[in-house]
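Opening the notebook on this one.

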Amino acid sequence: MTDQAINPGHLDIADAERRIKAIFIGSVGNLVEWYDFYAYTAFALYFAPAFFPDSDPVVQQLNAAVLFAATFLMRPLGGWLFGYIADRFGRRLSLTLSVVFMCFGSLIIAVTPTYASIGFAAPAILALARVIEGLSLGGEYGASATYLSEVADATHRGFYSSFQYVTLIGGQLTAIIVLLLLQKVFLTPEELKAWGWRIPFVIGAGLAIFAAVMRRSLQETEAFVEAKKVVKPTGSIAGLLKYPNELLLVVGLTAGGTAAFYTFTTYMQTFVRLSVGLTPDQTTMVIFGSLVFATLLQPLYGALSDRIGRKPLLIFFGVAGTLATVPILTTLKETKSPFFAFLLICAAWIFVAGYTSINAIVKAELFPTNVRALGVGLPYAITVSIFGGTAPAVALYFKSLGHEDWFYYYLSGMICLSLIIYATMRDTKHASAMHRHE
């Protein structure tokens, strides 16, 4: 009798340890990528004057936000490129290459001279760096969502895949921690504005190298290995177009969710600073606290989806987001209390987490293995580029016109459109394509 037959419990533990290790390494790399990306937003209030000189701080932030949105134009290309690599050559290679790209983007930002030194070349080089980072993130989402969903066991996919957004939000938290340390411990405000804003990008490049080394040791997923035995991997657009309904589903279920996510993460720091009128210290603490709360919600909602299904959580997000977005943002703008602002943002996260915690696994469960990374990454990247990356710029544009409240209704409308999709789509937990290798 084999050891496997004698001690099956031991093998179950060993299998769980293997899965957890793979999820940890994959998630750490995801955290590093998103730290690098969010460092731009966290420090935009400090470096925007260096690249976009203007006496109006709203205009400076609008310029920085437009550049933030422009980088999202590269995400569809990244979704295609790294999705192709993941579906044709393996998830591990795609994940490793994406974090290497992020390293280069961070290094460029760290050493770029200011507008005062080289004129218009400064924002142009900054744009190039953000394009590289956008390309990297465009591939990271599909590859990491696919990897985490395939590594997880069938009964805990929602829980395990929720760690993609745990580490995604964790990347922003890490950026804020670095900001706090530089603000409170190491640098004066003058030093931070003059040159200290470069430090987080140096840190990000170093962390990206570390993550790339870790990802090289990842095991390839069993699903990808098995799929290669059934069908030759191609990762082609032609193969992906055999699933038009699934592609449209990804676009529809993403549109409202990504607009809400970037509103209550990326834009919220600018909103509570410029619109609510909190001090920089209050702004940092409010955003930090709300993101900690959001992080804690992700695995709870992911585990809940393993019990009740994915669809109920998506519908909850759609209904609550449609009804509550305008009141929350309207009340938030009027408050002067940092604690009340924190509670309002947390209230928003109670429904936004209904999307963020499970959107990756829902998309992965729509596609068979041979086109999964491309199917998850490409339509998602296109949708995020249109509705997610533009959210801060749209909000600031309405603010510059003197009609900031128009954005509240825009966001509520976007969530309502996605609600229609949630209400009519199948529950992917009960109708999953994870076992298909066609």
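**Entry: helix α3**

I started with helix α3, residues 44-51, where 6 of the 8 residues are buried, so the helix is largely enclosed by the rest of the structure. I noted the buried ones as A44, Y46, F47, A48, A50 and F51. A reminder to myself before going on: this is a predicted model, and every value here is computed from it.

**Entry: the nonpolar cores**

Next I looked up the cores. The largest nonpolar core has 102 residues, and those with the most contacts inside it are F43, F47, M268, V272, L332, W349 and F367. Helix α15, residues 244-274, supplies the largest share of this core, with 13 residues. Apart from that core lies another one of 13 residues, and I jotted down I23, A143, L148 and M214 among them.

I then picked V272 to see what surrounds it. Leaving aside neighbours within four places in sequence, V272 is in contact with G277, L278, T283, I287, L332 and I345.

**Entry: F261**

I stayed with α15 and moved to F261, which lies in that helix. Is F261 buried or exposed? It counts as buried, because its relative accessibility is 2% and the cut-off for buried is under 20%. Beyond four places in sequence, F261 is in contact with Y38, Y165, L168, I169, T266, W349, V352 and T356.

**Entry: salt bridges**

How many salt bridges does the structure hold? I get 10. I followed the ones around R91. R91 forms a salt bridge with D87, with the closest N and O atoms 2.8 Å apart, and both R91 and D87 are buried. R91 also meets E150 in a salt bridge, at 2.7 Å from N to O. R91 sits in helix α6 (residues 91-111) and E150 in helix α8 (residues 121-151), so this pair ties together parts that are 59 residues apart in sequence. E150 is buried, as is R91.

From E150 I went on to R372. Their side chains meet in a salt bridge, again listed at 2.7 Å, N to O. R372 is buried along with E150. Put together, D87, R91, E150 and R372 are linked in a network of salt bridges.

Then an arginine without a partner. R157 lies in helix α9, residues 157-161. R157 is buried yet has no salt bridge, and the nearest side chain of opposite charge, E365, is 4.7 Å away. A salt bridge needs the nitrogen and the carboxyl oxygen within 4 Å. Not counting residues up to four places away, R157 touches S149, A152, D306, R310, I361, E365, S432 and M434.

R310 is on that list, so I looked it up because it is buried too, with a relative accessible area of 2%. R310 is found in the loop between α16 (280-308) and α17 (311-334). What does the side chain of R310 make with the side chain of E365? A polar contact, at 2.8 Å. Beyond four places in sequence, the contacts of R310 include R157, G158, I358, E365, D427 and K429.

**Entry: cysteines and α21**

I checked for disulfides and found 0. Of the cysteines I looked at, C103 is buried at 8% relative accessible area, whereas C416 counts as partly exposed at 30%.

Last stop, helix α21, residues 391-400. The buried residues there are A391, P392, A393, A395, L396 and F398. G402 follows α21, and its phi is positive, near 85°.

Conventions: Residues numbered from 1 in each chain as written. Predicted model: local features only at pLDDT ≥ 70, side-chain atom pairs only at ≥ 80, totals over all residues. Heavy atoms only, no water. Helix = DSSP H or I, 4+ residues; strand = E, 2+ residues; numbered from the N terminus. Buried < 20%, exposed > 50% of the residue type's maximum accessible area, 1.4 Å probe, protein only. Lys, Arg positive; Asp, Glu negative; His and termini not counted. Contact = heavy atoms within 4.5 Å. Polar contact = N/O pair within 3.5 Å; in protein donor to acceptor, adjacent residues only side chain to side chain. Disulfide = S-S within 2.5 Å. Core = buried A, V, L, I, M, F, W, Y, C linked by side-chain atoms within 4.5 Å.
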